[in-house]
Amino acid sequence: MPTPPVHDRLAAVRARVDAAATAAGRDPADVRLLLATKTQDAGTVLAAVEAAAALAAARDDDAPPLIGENRVQELVAKAPALADLVAAGRLEVHMIGNLQRNKINQMLPAVTGLETVDRASLADALSERAVRAGRTLDVMVQVNVSGEESKSGVAPSDAVALARHVAALDGLRLTGLMTIGARSDDDGVVRAGFARLRALRDEVLVSGAPGTDEARELSMGMSGDLELAVAEGATIVRVGTGVFGARPTPA
Ligand SMILES: *Cc1c(COP(=O)(O)O)cnc(C)c1O
């Protein structure tokens, strides 16, 4: 079966998000799509960004398209093709994968935000580099709500303390929390994890600590579990295969 054009796939995913939001009594406009572009080449990414911009325009949605990359090497390789759009405010780029401290300088010029702060030492290093670069970087704290060992993220019990730490740092703006849902066939388990992230976000918001009052975003849900995430309050849903088709399986 031929793969439908990216615009059609994107519209189909958007329709799923809209339906889930409406079913939850939410405004669909409060949920943003992030295109997870790992393994896609720059041309494919640009075509998807163009399709996303067209879809947004048709919906009277002012927010620029948003993409996410997992690896600094891949991010940097595609950055030149995307730089003009980013500079014009017509594209936002988030790092959504694990970040090593020694890659911060390479990453910074290529992103508008980072969703995977999972430890204070990384936040401190990011703050220092952002200040030195004269930047304010949007950041989210990644929480491991499922407790699965294969997943990154701070433990839920330490998430609020880390968020408060991050929010107080110069050069960083804490915009919310991010998680990767549990790998489970039980919708109840997956959904409980998303509910946990929302409860933690609410705790951060009312903590009264400096910089925590803008931490409204909940980046959660992917192609397979976005309905559950939207039902629990996701404001950013990260979609890869739903828009680009199956990725080549790593060798
Ligand atoms: C790849 C990826 C996604 C998208 O996953 P799909 O199942 O392809 O939609 C979302 N978030 C992160 C962190 C990813 O690495």
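Q: Which handedness does the β-α-β unit made by β2, α3 and β3 have?
A: With the strands pointing away from the viewer, a crossover is right-handed if the path from the first strand over the helix to the second runs clockwise. In this predicted model, β2, α3 and β3 form a right-handed unit.

Q: How many bridges join β2 to β3, and how do the two strands run?
A: Strand β3 covers residues 92-95, and four bridges join β2 to it; the two run parallel.

Q: What joins β3 to strand β4?
A: Two bridges do, and these strands run parallel. β4 spans residues 113-117. Here Met95 stands opposite Leu114 of β4.

Q: What span should helix α2 have, given its 17 residues?
A: At 1.5 Å a residue, α2 (residues 42-58) should span 24 Å. Its end C-alpha atoms lie 24 Å apart, which agrees.

Q: Which residues of α2 are buried?
A: They are Val45, Ala48, Val49, Ala51, Ala52, Leu55 and Ala56. The buried residues fall within an arc of 165° seen down the axis of α2, so they line one face of the helix.

Q: Why do residues three or four places apart point the same way in an α-helix?
A: An α-helix has 3.6 residues a turn, so such residues point the same way.

Q: What do the buried residues of α2 pack against, and what is exposed on the other side?
A: The buried residues pack against α1 (6-23), β1 (32-36), β2 (66-69), α3 (72-87) and α9 (241-244). On the other side of α2, Glu50, Ala57 and Ala58 are exposed.

Conventions. Residues are numbered from 1 along each chain as its sequence is written. This is a predicted model: local features need pLDDT of at least 70, side-chain atom pairs count only at pLDDT 80 or more; totals for chains, interfaces and linings use all residues. Side-chain values use heavy atoms; hydrogens and water are left out. The expected span of a helix is 1.5 Å times one less than its number of residues. Buried means under 20% relative accessible area, exposed over 50%, partly exposed in between (1.4 Å probe, protein chains only). The arc is that of the directions from the helix axis to the C-beta atoms. Contact means heavy atoms within 4.5 Å. Two strands pair if DSSP finds at least two bridges between them.
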